[in-house]
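Have the sequence and the model at hand as you read.

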Amino acid sequence: MPSLREPASARTGMTFHEMLERIRYEGAYPTLQRAEHVTRAVLEAIGRQLAGAERDELAACLPPEAARLLTRQVPHPHHLTGWGFVKDLATRTGTAPAVARWDTGTVLSVVGRLAGDGLTSRIIGQLPDGYALLFGRAQLVRAA
């Protein structure tokens, strides 16, 4: 399996199944089906938050099935904060916010490694505060 630290061009061979296995392992989900359910929900939710070149570039870094989940969503004109994203996901999936936060962090950490540091930084820069932590990064304070 390709390393998640390689450049995007070297990772194009990762399958959706391999991605789900990584998410299952990192999220400590009991089954691959649970990992797939979580992955679908988070990718669809982040697809509603992203637009433009970053969205297209992110889709190109993901296995085709994951890319379709991301891009079939219509971007919302107003972005949710990171916490708003988690609360929205919790409502949509019928889970507690703490569970939705765990699920989001697990999936977006893997997605961020697939995307690479540069693209992940641009994605975080496009979104309101709170997303850096969801991608497994420190939340830096933006200049006033």
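Of the 41 residues in the largest nonpolar core, those touching the most other members are Met19, Leu43, Ile46, Leu58 and Leu62. Such a core is a set of buried Ala, Val, Leu, Ile, Met, Phe, Trp, Tyr and Cys residues joined through side-chain atoms within 4.5 Å, and buried means under 20% relative accessible area with a 1.4 Å probe, protein chains only. At least two residues of this core come from each of α1 (16–27), α2 (32–47), α3, α4 (64–71), α5 (82–93), α6, α7 and α8. Helices here are DSSP runs of H or I, at least four residues, numbered from the N terminus.

This is a predicted model, so local features need pLDDT of at least 70 and side-chain atom pairs count only at pLDDT 80 or more, while totals for chains, interfaces and linings use all residues. Residues are numbered from 1 along each chain as its sequence is written, and side-chain values use heavy atoms, with hydrogens and water left out.

Zoom in on Leu43: leaving aside residues up to four places away in sequence, Leu43 touches Met19, Leu62, Ala66, Leu69, Leu70 and Val111, with contact meaning heavy atoms within 4.5 Å.

Next, look at helix α7 (residues 117–126), whose buried residues are Leu119, Thr120, Ile123 and Ile124. Seen down the axis of α7, these residues fall within an arc of 135 degrees, so they line one face of the helix; the arc is that of the directions from the helix axis to the C-beta atoms. Their cover includes α3 (52–61), α6 (97–115) and α8 (131–134).

Terms used: Buried < 20%, exposed > 50% of the residue type's maximum accessible area, 1.4 Å probe, protein only.
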